[in-house]
Amino acid sequence: MKNDLHIRTNFSASANREWNWERVLKKCEEAGLDRISITDFDTCLFHLINKIYDTSSLFSGKIITGMECDVCENGLTFELLAYNFDPIKTFNWSYETYGTLETRQTKIKDLLLDCASENGLKVDTSSPFNGKVDFGHKYIYENMIKYPENIDLFKNFGINTMSDFYNISAKQKDFPLYVNLNQVFPTVKKVVDFIHSVGGFVVLAQPCRSKNKSNLNFILDTAIKNKVDGIEVYHPAHTKEDIEFLLKYAIENKLIVTGGSNFNGKAEYSDVGITNINKEETEILKNIKL
């Protein structure tokens with residue numbers, strides 16, 4: 001059985017704008033996937049569409065309701081994956097909690113601009129920002145790398161891509177453009193409590209993308225304390241060592257194990273299907289009751 005429980009469409013600001021849900025479903029069908037979950041950031045809009053339209057002509061496998069939820073704890077931003085929930089109740093909750101894509105990304109862009117100004121960092125703001133289609137971090141990153149001094153700063157923090165910029169600015173407090181996103185995102189408890197109340201379960205997403213050991217420990221401890229149900233062990237950014245560590249952690253803490261490609265239509269995550277799972281370990285994923 002071929003699963004992919006971490007896929008995004010252009011309903012997510014960080015995804016390629018050309019990859020709408022129809023195109024994504026066709027790609028999953030061509031890849032021969034059996035079960036998928038569309039997990040757009042902070043919205044489950046696709047799953048409302050899926051209740052209305054028959055999508056079986058595009059994808060013949062099983063589609064599990066899903067959403068990737070940004071959370072912020074103690075100034076540290078990370079992600080949870082929610083599955084198997086009531087899509088109507090969850091869509092209304094996500095709108096109340098996160099706002100629209102436009103309001104959310106505009107607020108993030110403004111917070112980053114304020115931070116840059118406070119630290120005397122140059123940002124070219126001559127180009128317009130459209131929160132309906134633009135990603136706040138992407139806008140700031142692309143308009144900062146126009147200046148050599150910013151490129152040098154980014155290199156000092158190991159930032160080579162926009163994805164690096166997002167992760168550092170949301171997680172590393174000594175970075176001059178670090179922004180505490182608790183002004184934008186809910187706590188882990190708020191997400192877990194709601195998803196459980198509508199019949200779903202919650203998985204900690206891609207924890208080892210945080211290469212900071214203390215941050216990783218904090219993320220794992222916070223997830224356990226707030227009764228997260230599982231952990232995304234298989235992810236393209238996870239090394240063999242990461243997978244071994246997370247599998248052991250999941251077993252010790254009786255957590256569900258999941259995996260996904262993190263597909264977003266961009267070069268970094270351009271393939272659907274789990275790419276770093278050993279054949280012998282597929283039995284673990286088969287046992288997930290979805």
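Leaving aside neighbours within four places in sequence, Trp19 is in contact with Thr9, Asn10, Val24, Lys27, Phe263 and Gly265, where contact means heavy atoms within 4.5 Å. Trp19 lies in the loop between strand 1 (3-7) and helix 1 (21-30). Helices (H or I, at least four residues) and strands (E, at least two) are DSSP runs, numbered from the N terminus. The model is predicted: local features need pLDDT of at least 70, side-chain atom pairs count only at pLDDT 80 or more, and totals for chains, interfaces and linings use all residues. Residues are numbered from 1 along each chain as its sequence is written, and side-chain values use heavy atoms, with hydrogens and water left out.

**Trp19**

- Trp19 counts as buried, at 12% relative accessibility; buried means under 20% relative accessible area, exposed over 50%, and partly exposed in between (1.4 Å probe, protein chains only).
- The C-alpha atoms of Trp19 and Asn264 are separated by 7.8 Å, although the two residues are 245 residues apart along the chain.

**Chain overall**

- The chain has 11 helices and 8 strands.
- Its radius of gyration is 18 Å, which agrees with the value near 19 Å that a compact globule of 290 residues would have. The radius of gyration is taken over C-alpha atoms, and the globule rule is 2.2 Å times the number of residues to the power 0.38.
- The C-alpha trace spans about 50 × 40 × 35 Å along the principal axes of the chain.
- Of the 290 residues in the chain, 56% are buried.
- Among contacts in the chain with a separation of 6 or more, 72% are between residues 24 or more positions apart.

**Helix 4 against helix 5**

- Helix 4 (residues 101-118) and helix 5 (residues 136-144) pack at an angle of about 35°, and their axes are 7 Å apart. Axes are lines fitted to C-alpha atoms, for helices over the stretch in contact, and angles run from 0 to 180 degrees between N-to-C directions.
- Helix 4 contributes Gln105, Ile108, Lys109, Leu112 and Leu113 to the contact, and helix 5 contributes Gly136, His137, Tyr139 and Ile140.
- By class, the contact of helix 4 with helix 5 holds 5 nonpolar, 3 polar and 1 charged residues. Ala, Val, Leu, Ile, Met, Phe, Trp, Tyr, Cys and Pro count as nonpolar, Asp, Glu, Lys and Arg as charged, and the others, Gly among them, as polar.

**Helix 5 against helix 7**

- Helix 5 and helix 7 (residues 162-171) pack at an angle of about 110°, with their axes 9 Å apart.
- That angle makes helix 5 roughly perpendicular to helix 7. Angles under 35 degrees count as roughly parallel, over 145 as roughly antiparallel, 65 to 115 as roughly perpendicular and the rest as oblique.
- The contact is made by His137, Lys138, Ile140 and Tyr141 of helix 5, together with Met162, Phe165, Tyr166 and Ser169 of helix 7.
- The residues of this contact of helix 5 with helix 7 divide into 5 nonpolar, 2 polar and 1 charged.

**Burial of helices 5 and 7**

- The buried residues of helix 5 are Gly136, His137, Tyr139, Ile140, Tyr141, Asn143 and Met144, and what covers them includes helix 4, helix 6 and helix 7.
- Among the buried residues of helix 7 are Met162, Phe165, Tyr166 and Ile168.
- The buried residues of helix 7 pack against strand 4 (66-73), strand 5 (76-83), helix 5, helix 6 (148-156) and helix 9 (213-225).

**Other single residues**

- Ser94 lies in helix 3 (residues 87-98) and counts as buried at 2% relative accessibility.
- Apart from neighbours within four places in sequence, Ser94 is in contact with Asp42, Thr43, Met67 and Gly99.
- Asn74, in the loop between strand 4 and strand 5, has a positive phi of about 55° although it is not a glycine. Asn74 counts as exposed, at 58% relative accessibility.
- Asn262, in the loop between strand 8 (256-259) and helix 11 (282-286), has a positive phi of about 65° although it is not a glycine. Asn262 is buried, with a relative accessible area of 1%.
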